[in-house]
Amino acid sequence: MSNPAYSLRQLAYFVAVAEAGTLAGASATLHVSASALSLALDELERALDAQLTVRRRAHGIRLTPAGQETLRRARRLLREAGELADAAGGDPGEVAGTVRVGCYTTLAPGLLPAAIGRFSARHPRARVEFVEGSQDLLQRGLLEGELDVAVVYDHRLDPALELTPVSANTPHLVLPRGHPLLRGTRPVALADLAGEPMVLLDLPPSSEHALGVCLAAGLSPRIRYRTANAETARALVAQGLGFTVLAHADPGAGRRDEVVAVPIAEEPAPLPIVLAWSGQVAPTATARAFAAAVTP
């Protein structure tokens, strides 16, 4: 096997330039001159025999298709190199290095801290960096190599992702305390809310799923407010400004006494939660160890 004609330094410079979008931006981040970065890119392109970037004065850097693929692979190689360096100082077989984890925003409070706690207890020399965001953002991060794994809902995911089941959340209805349809914790039919305004958690796929649950129950909701924050949705419901449908694990998050979460009489199907990673790249040892910690 021949030695590669490129270096980790060149890959690191290439990733920094691609992420910054300009030589000047990467130069400021790395504290390396723009001319040194440009030279490193030239050397990397010669080594790979491929044009990775289109560099236009005053217009920044644009990646070619080959550059986009190289960026995804370079991120992984750099993470594996860091993992190797960290593991070298520990016991044989010890998990070390950094795993970059994404988590859908509404799932993060109920799942992410416990998973990180278990992972850190089992692998004290490893580190977790995490990002919370929308499902579209997390999918893009996985496919572009920015994330190793992500905890998301199994709803219209890219077929290029590999999935492992984690759990599932059953949608529930959130009403203001004192609402005339509330009878203790008995289920409430969505169809009985016809004419009442809805507060929509406008964060795909939660928004799509909630609307689908309503329509399947024979309710065409009249959306009065939209918010990307689940706690804001609860606060609006608490003011009597509408009802909402939420699917995430902790219906009492925020401990709002002014709202009540009750089952939906139409019994919508649970929304599966999965651990996802790119099927184009095998997960690192650290990523596999984190995956094992996601479920107790």
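In what order do the 5 strands of the open sheet stand? The order is β4-β3-β5-β12-β6, with mixed pairing. Two strands count as paired if DSSP finds at least two bridges between them, and strands (E, at least two residues) and helices (H or I, at least four residues) are DSSP runs numbered from the N terminus.

A word on the model before going on. It is a predicted one, where local features need pLDDT of at least 70, side-chain atom pairs count only at pLDDT 80 or more, and totals for chains, interfaces and linings use all residues. Numbering starts from 1 along each chain as its sequence is written, and side-chain values use heavy atoms, leaving out hydrogens and water.

Back to the sheet: β4 and β6 (161-169) sit at the edges with a single partner strand each, so one side of each has no neighbour in the sheet. From one strand to the next, the twist averages 20°; axes are lines fitted to C-alpha atoms, for helices over the stretch in contact, and angles run from 0 to 180 degrees between N-to-C directions.

| Strand pair | Direction | Bridges | A bridge partner pair |
|---|---|---|---|
| β3 (residues 97-104) and β4 (residues 126-133) | parallel | 8 bridges | Y104 and G133 |

Helix α5 lies across β3, β4, β5 and β12, at about 170° to β4.

Now for the inside. A nonpolar core is a set of buried Ala, Val, Leu, Ile, Met, Phe, Trp, Tyr and Cys residues joined through side-chain atoms within 4.5 Å. The largest one has 46 residues, and V149 and F290 have the most contacts inside it. Strand β12 gives the largest share of this core, 6 residues. With contact meaning heavy atoms within 4.5 Å, F290 touches V99, V101, L112, A115, I116, F119, V128 and V149, leaving aside residues up to four places away in sequence. There's also a second, separate core of 19 residues, with L173, L175, V188 and A217 among them.

And the cysteines? The structure has 0 disulfides, a disulfide being a pair of cysteine sulfur atoms within 2.5 Å. C103 is at 0% relative accessibility, so it counts as buried; C214, also at 0%, counts as buried too. The cut-offs are under 20% relative accessible area for buried and over 50% for exposed, with partly exposed in between (1.4 Å probe, protein chains only).
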